Amino acid sequence: MATFPSARKSKSPVAQREALEGYLFILPWLLGLLIFILVPIIASFYFSLTSFEVVKPPIFVGLENYVRLIHDQLFWQALKVTCIYVVTSTPLGLILSFAIALLMNQKVRFVSLWRTIFYMPTLVPVIASTMLWLWIFNPQFGLLNTLLRYVGIEGPLWLGHSQWALPSLIIMSLWTVGGPMLIYLAGLQGIPTDLYEAAEVDGAGAWAKFWAVTLPMMTPVIFFNLIMNMIFAFQVFTQAFIMTQGGPRYATLFYVLYLYQNAFKFFRMGYAAALAWVLFLAILLMTALVFRSSAIWVFYEGEVRKR
Amino acid sequence: MTPTNSPNRLTTVRRKASLQPGWFNRYRTYARLKQAFIYLVILAGSAVMLFPLLWLLSSSFKDQAKIFIFPPQWIPQPWRFDNYTLVFDRIPFVRFYANTILVTGLAMVGQIAAASLVAFGFARLRFPGRDLLFLVLLSTIMIPYQVTLIPTFVLFRILGWLDTYAPLILPYWLGGGAFYVFMLRQFYMRLPVDLDDAARIDGASTFGIYWRIILPQARPALGVMAVLTFLGHWNDFFNPLIYLNTTEKYTLALGINLFRSFQTTQWNLLMAASVMVTLPCILLYAFAQRYFIQGIVFTGLKG
């Protein structure tokens with residue numbers, strides 16, 4: 001892993017050849033990094049300081065876009081909607097998928113059948129699942145209100161009601177908990193059985209084993225799922241674009257939807273670039289917070305050996 | 001965290017149990033109840049997961065008039081299999097299918113080729129700055145694509161490639177995505193180096209080692225990547241939405257959305273179209289399931 005020995009060895013023709021080949025192998029990525037990441041990031045920051053309407057070259061306006069952003073009520077609305085979605089759908093999804101993974105990890109028959117059933121919704125393309133849920137949420141003839149009517153409840157308008165639209169999308173997001181479930185399951189199966197045996201010898205019951213072995217051993221996986229799902233949740237677009245167009249009354253104006261509208265509907269590219277940078281900072285801040293907190297609650301196996 | 005100094009409760013309990021004859025049966029009953037409870041919860045959960053899919057299937061075979069009745073028919077009467085052919089009459093569905101296969105295929109091939117090459121460089125070759133570059137690669141996973149979106153769009157516009165498939169394919173040939181490079185590199189690192197060395201002594205080139213030694217061994221990881229990238233490109237809605245304008249060039253995702261917007265929503269046909277987009281994904285998963293589950297255990301987090 002160390003860089004120095006290889007650098008020292010680089011005098012030998014063999015090592016020199018290896019280094020050259022190394023750069024050749026990673027060349028596709030280096031080009032991609034330059035063309036599709038580094039240059040666009042710098043350009044994006046520059047655009048965020050300009051007034052830019054695609055057809056005309058950008059005009060430098062300084063921090064004007066960012067100032068406008070602070071006074072833009074829709075920006076705050078989009079930020080609010082997205083944050084509510086992130087802090088509700090992420091934990092709900094993580095707890096639910098963890099619970100399902102725990103069940104699958106019991107001694108049950110037909111595990112692969114259950115696993116497939118729970119994972120299947122994740123395989124449905126977003127376009128198909130949005131169409132399906134649009135139909136499920138249909139107030140008159142959709143599945144949800146039909147089922148509610150069986151038990152005598154007249155269901156709400158769901159996507160058509162400004163109070164229910166966002167919760168509807170959160171409910172819909174819980175349908176795809178199969179993804180994190182699969183990762184949890186892999187993690188659960190990786191916990192060494194001798195830890196459980198040791199706990200049993202110490203007289204731990206099922207409950208104590210869960211708190212003393214399962215949960216601590218799973219914290220790195222929980223951490224991974226938390227970060228990934230949080231980042232995904234920040235970037236929700238298709239559902240809102242197809243199902244609600246941000247309505248009713250901006251109740252589902254997700255951040256990326258608002259960004260899209262600015263960039264590709266109103267062609268305010270400079271303003272959209274500023275929005276993208278704020279999103280970047282928000283995601284960075286959230287992940288930094290989670291990373292910081294991980295020192296307290298994430299438990300790595302290596303720590304045991306040190307003791 | 002475990003109560004180390006507590007008396008050995010398990011053995012005490014067992015000793016007591018041997019004294020009381022009824023205890024063992026009671027324990028068995030408790031275990032059975034618990035088992036029944038677990039099955040009950042799993043069954044209920046499965047039902048919740050499956051209901052929407054059954055609703056999708058059932059709606060896709062219903063008659064237009066029968067879709068709006070209460071209580072709903074779970075078994076369609078009559079079965080309208082022609083819903084599926086009607087979709088092809090209403091929109092150029094064959095065309096959309098072909099477009100999607102083309103884009104998904106080309107993007108996938110490039111992505112897998114690029115990521116497996118780059119990962120090999122990072123896992124098996126030594127060159128100055130390698131570790132630093134790998135750190136850069138890892139940090140790019142965190143960058144949301146919206147940040148690079150607008151300049152990338154402007155770039156493709158300058159190149160005159162708007163309304164072509166190049167923006168949907170070309171970027172994936174360059175690097176293949178940081179996440180996949182990371183995943184494959186973790187997998188390669190676990191393969192023994194002995195085979196590489198033996199091949200090198202036999203006069204194999206570096207590319208030969210990659211092609212004949214590493215790639216065959218990395219099949220499970222490449223299988224996982226193939227499934228994930230297939231789903232990613234097949235399902236992509238955002239990029240086609242931004243880059244494609246002409247209807248004939250649409251992918252399935254855009255096509256279905258178009259279908260919805262110009263009909264007074266014919267739910268049965270819309271559901272039939274949705275089934276047809278979903279089917280390849282489920283078939284692929286069924287086909288690759290063994291690899292897929294294995295690969296997640298291998299490559300996932302434990303690397």
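**Exercise 1. Where is B:Pro76 placed, and which residues does B:Pro76 touch beyond four places in sequence?**

Solution. Start with the place of B:Pro76 in this predicted model: the residue sits in the loop of chain B between helix H2 (21–60) and helix H3 (82–90).

Next, take the surroundings. Within 10 Å of B:Pro76 there are 20 other C-beta atoms. The cut-off for buried is 20 or more, so B:Pro76 counts as buried.

Now look for partners. Leaving out residues up to four places away in sequence, B:Pro76 touches B:Ser58, B:Phe61, B:Lys62 and B:Lys66.

**Exercise 2. Is A:Trp158 buried or exposed, and is A:Arg249 buried or exposed?**

Solution. Begin with the backbone. Phi of A:Trp158 is positive, near 50 degrees, in a residue other than glycine. A:Arg249 likewise has a positive phi near 50 degrees. As background, most residues other than glycine have a negative phi.

Then locate each residue. A:Trp158 lies in the loop between helix H7 (143–150) and helix H8 (165–173) of chain A. A:Arg249 lies in the loop between helix H12 (238–243) and helix H13 (255–265) of chain A.

Finally, count neighbours. A:Trp158 has 23 C-beta neighbours inside 10 Å, so this residue counts as buried. A:Arg249 has 12 C-beta neighbours inside 10 Å; the cut-off for exposed is 12 or fewer, and therefore A:Arg249 counts as exposed.

**Exercise 3. At what angle do helix H4 and helix H9 of chain A pack, and which residues meet?**

Solution. First the geometry: H4(A), residues 73–104, and H9(A), residues 178–189, pack at an angle of about 45 degrees, with axes 8 Å apart. H4(A) is therefore oblique to H9(A), and H4(A) passes H9(A) in a right-handed crossing.

Next, the residues. From H4(A) come A:Gly93, A:Leu94, A:Ser97, A:Phe98, A:Ile100, A:Ala101 and A:Met104, which meet A:Pro180, A:Met181, A:Tyr184, A:Leu185 and A:Leu188 of H9(A). Sort the residues of this contact by class and you get 10 nonpolar, two polar and no charged.

**Exercise 4. At what angle do H4(B) and helix H8 of chain B pack, and how do the contact residues divide by class?**

Solution. The angle between H4(B) and H8(B), residues 178–189, is about 50 degrees, and their axes are 8 Å apart. That makes H4(B) oblique to H8(B). The crossing of H4(B) past H8(B) is right-handed.

For the contact, H4(B) supplies B:Gln111, B:Ala115, B:Ser116, B:Val118, B:Ala119, B:Phe120, B:Phe122, B:Ala123 and B:Arg124, while H8(B) supplies B:Tyr180, B:Val181, B:Leu184, B:Arg185, B:Tyr188 and B:Met189. These residues divide into 11 nonpolar, two polar and two charged.

**Exercise 5. Which residues have the most contacts inside the largest nonpolar core, and what is B:Val181 in contact with?**

Solution. The largest nonpolar core has 153 residues, and those with the most contacts inside it are A:Ala276, B:Val118, B:Val181 and B:Leu184. Helix H4 (residues 93–124) of chain B gives the most to this core, with 13 residues.

Now follow B:Val181. Leaving aside neighbours within four places in sequence, B:Val181 is in contact with A:Trp29, B:Ala115, B:Val118, B:Ala119, B:Leu137, B:Gly175 and B:Gly176.

**Exercise 6. How many residues of chain A are in contact with chain B, and which helix of chain A gives the largest share?**

Solution. Count both sides: 82 residues of chain A are in contact with 80 residues of chain B. On the chain A side, the largest share is 20 residues, from helix H2 (residues 13–47). By class, this side has 62 nonpolar, 15 polar and five charged residues.

**Exercise 7. How many helices has chain B, and how many residues of H9(B) are buried?**

Solution. Chain B has 14 helices and zero strands. Of its 303 residues, 36% count as buried. Among chain B contacts with a separation of 6 or more, 75% join residues 24 or more positions apart.

Then turn to H9(B), residues 194–201: this helix is hardly covered, and the count of buried residues among its eight residues is zero. After H9(B) comes B:Gly203, with a positive phi near 90 degrees.

Methods. Residues numbered from 1 in each chain as written. Chains lettered and ligands numbered in written order. Predicted model: local features only at pLDDT ≥ 70, side-chain atom pairs only at ≥ 80, totals over all residues. Helix = DSSP H or I, 4+ residues; strand = E, 2+ residues; numbered from the N terminus. Axes fitted to C-alpha atoms, helices over the stretch in contact; angles between N-to-C directions. Parallel < 35°, antiparallel > 145°, perpendicular 65-115°, else oblique. Left-handed = near helix turned anticlockwise from the far one by under 90°. Contact = placed C-beta atoms within 7 Å. Nonpolar A, V, L, I, M, F, W, Y, C, P; charged D, E, K, R; others polar. Core = buried A, V, L, I, M, F, W, Y, C linked by C-beta atoms within 7 Å.
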